Amino acid sequence: MTTRREIGGVSADVSLAAWSDAAGPPPARPPADPRRKRAGFAGESATAYAFLAPNMLLLLVFVLLPLGWALVVSLQQTNGFGAGTFVGLANYGHLFGDPLFWRSTLNTVLFTIIVTPLSMALGLGVAVLLNSVLPARGLFRSILITPMAISGVATALLGLLLFDENNGVLDKLLMAVGLPAVSWQSGTTAAFASVVLVTLWWRVGFNMLIYLAGMQSIGPELYEAARLDGAGAWQRIRYVTVPLVGPSSFFLLILNVIYSFQVFDIIFVMTGGGPQNATSVLVTYAYDQGFVTRDQGYAAAIGMVLLVLMLIFTAVQWRVSRNRDLVE
Amino acid sequence: MHISRRQFLGAAGAAAAPLLLAGCGFTTSNSAPAANSNTLTFTTWGTDSELAGFRSVIAGFEKANAGSTVALNAVPYAQMFTNIDAQLQAGNPPDIFRVPYYTFGRYAGSGQLLDLSPHVDKSFGDRFTPAAWAAVQNTAKPFGVPHHTDTSAILYNKAAFQAAGITSVPTTLDQAWTWDQFQQVLQTLRKTMPATKYPFAYNWQGNGVTRWLSWLFEADGRFLSPDLITPAIDSAAGRSAVDFTKGFFPQRLVPPNSAVKSSTLAADLWYSQTTAMVSSGAFAIPDATKTLTFDWGATFSPRRSRAASDFGGNALVATAKTKQPALAAAFLDYLTQQEQMNTFCAGASLLPTRRDLVAGGIKFAVRPELSPVFIGQASTVQAADSGQVASPSMSKIITVLKDQLEQAFIGGQSTDKTVAGISAGIAAATAPAR
């Protein structure tokens, strides 16, 4: 025999046999001691803080303090020795009238605008290919990821071997097929193109890897459904793959932009910012100011501008990205 | 054997600790000096030959000064001055370090170096050539010792010269090519070489841009007035130096990728036989002798109003915070004594800065027949030239020279605009504050 009873505010059918008089009503759970609860919560909080403390300490010592110190240095005229002279915003004011700063900023933005979409598009394209039933796809994946294991300096040295306009492989190949040699090192546009190409070679594998991971979480039934609905290969990529790798795209966009704004090693080794400052970017310019000209206050000001630019970009991207948290 | 998670983490932590400590600047290296009041720390970079020379001199010093030791810290050149700067800023610099002359002024001018005047007698400077002694002065006081110099002469590919019909090259300083004669040599080579090869490459890349100043000095010009503040390059000599050197590029006398901001070094262009000649320091002789398969020789740099050359090489300095200034000065004195300097320079193919060794000659251990070319070339350096290069503002001036000469060489910037740009840049660099 069953009867309807309210248990915990929820109406449910329960067996009366389960409620024998001998057993009596189920013992009520004693109310929690609020002092004990607080003590437990405080204990948990203390444990959490203890676990967080090492990271917080590292963040404070190696990120926040240097950042604050860089801001202080950017308000000084200093060559690194002694206390420096406080000059207020003079370093920032000087930036506005410095054509090399503007050239470096323009180059940085141009580099970012070219490299970010290209490396993401190529990475997605390769990921789509390697997510299919391509023969030896494991081998291809490994080959494409290999550049990630090579340091930027080594990559740039390889780039030098390729793009050397006297003895480089590329110009020799071009001339072998009757084409004119390209001034990869002395032509401004060609030099810029050479650092873009080497950066793409270095970065596409990483983009491919992240996209591949994102794509492998998409259920095959979605593609099956799209196929049954008559979607072609391009439409499946456009309307299924691209939206569903939104979180990967968001992550890669932020990383690629930050990496592009911070590009240094490839340019420093391959072109040194030349020819005619055609490949000078904000970080190489800051390096020149800090360690060649030894105007460390001015270099710090350039670094702060770079930080602000990246923060603005990240904030805007965070606000406008609609599919950063999209999951299947 | 079973290893628990806790044991594994503990062992991993113990293994990683030295790496972490090293990363924080602590080191367990055996090379770290003991807490010995008679130990000097000496930081330098160097080729194998140079480091062997330093070790030999240190052994001699320790033998001659019982109880004193010198801990040698050899680092790559690329890290040398970021390390030194960090140590100076942290107040924990080495007692002695090695420094190029063009960087010397920056340290001396900011109070980082030990004034040697109280520790050496008044005649100490007489042992050096005037140019060398001038290069280690700041506010008329010596803040270092000129350990060696190195200047650029011309290395040439004998087969390329023969192919162009150039059968003789200057063998004495007074026969050195004039600018006009040098231009003719370049043109002759150009006519006989394929389009992908070039007659010449000059070693003005990177901070080597200071070597461009040799052309200015050959035209009897200056870039700084004697006060080392006022720009002096806006002159007929300045314009002729810019004009002559920028003319190399449109005439294809030098490779287009050999301008001052190029990442391709002039020596590499010559090594790969892309060029028939290169301007090079003597320090390249051991490597060139070991690796090059073609026959090559050396001759003097061209001259115009006078012969001149860059005052390359390095000084040795003691830091102002050394706890043993007397011992540091004694070590610097020992390093620059005749026998020690002779051994070091001959072994490393570098040029001495002592008057007696310059006058008496020195024979390099490798290709000794080339020694007179480089010693003769070094003798053309004047104290007024090296004194300008030792200016405290040289770091900033280097940047100005790089930017302006790059624009002139491959950017098509006019000579007048280039000279005006360098002049304005020098004025800004030597101005006291922004």
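Which residues does B:Trp296 touch, not counting residues up to four places away in sequence?

1. B:Trp296 touches B:Leu155, B:Tyr156, B:Lys158, B:Trp270, B:Ile285, B:Ala288, B:Thr289, B:Arg367 and B:Leu370; touching, or contact, means heavy atoms within 4.5 Å.

2. A word on the basis. This is a predicted model, where local features need pLDDT of at least 70, side-chain atom pairs count only at pLDDT 80 or more, and totals for chains, interfaces and linings use all residues. Residues are numbered from 1 along each chain as written, chains are lettered from A and ligands numbered from 1 in written order, and side-chain values use heavy atoms, without hydrogens and water.

3. Now the cores. B:Trp296 is among the residues with the most contacts inside the largest nonpolar core, which has 80 residues. Such a core joins buried Ala, Val, Leu, Ile, Met, Phe, Trp, Tyr and Cys residues through side-chain atoms within 4.5 Å, buried being under 20% relative accessible area (1.4 Å probe, protein chains only). Helix α12 (residues 325–335) of chain B gives the largest share, seven residues. A second, separate core of 53 residues includes B:Leu189 and B:Val242.

4. On to the sheet. Four strands of chain B form an open sheet, ordered β8-β9-β7-β10, with mixed pairing. Strands are DSSP runs (E, at least two residues), and helices are H or I runs of at least four; two strands pair if DSSP finds at least two bridges between them. β8 (198–201) and β10 (296–299) of chain B each have a single partner strand, so one side of each lacks a neighbour in the sheet.

5. β8(B) runs parallel to β9 (residues 275–281) of chain B, over three bridges. B:Ala201 has B:Val278 as its bridge partner in β9(B).

Definitions and conventions. Buried < 20%, exposed > 50% of the residue type's maximum accessible area, 1.4 Å probe, protein only.
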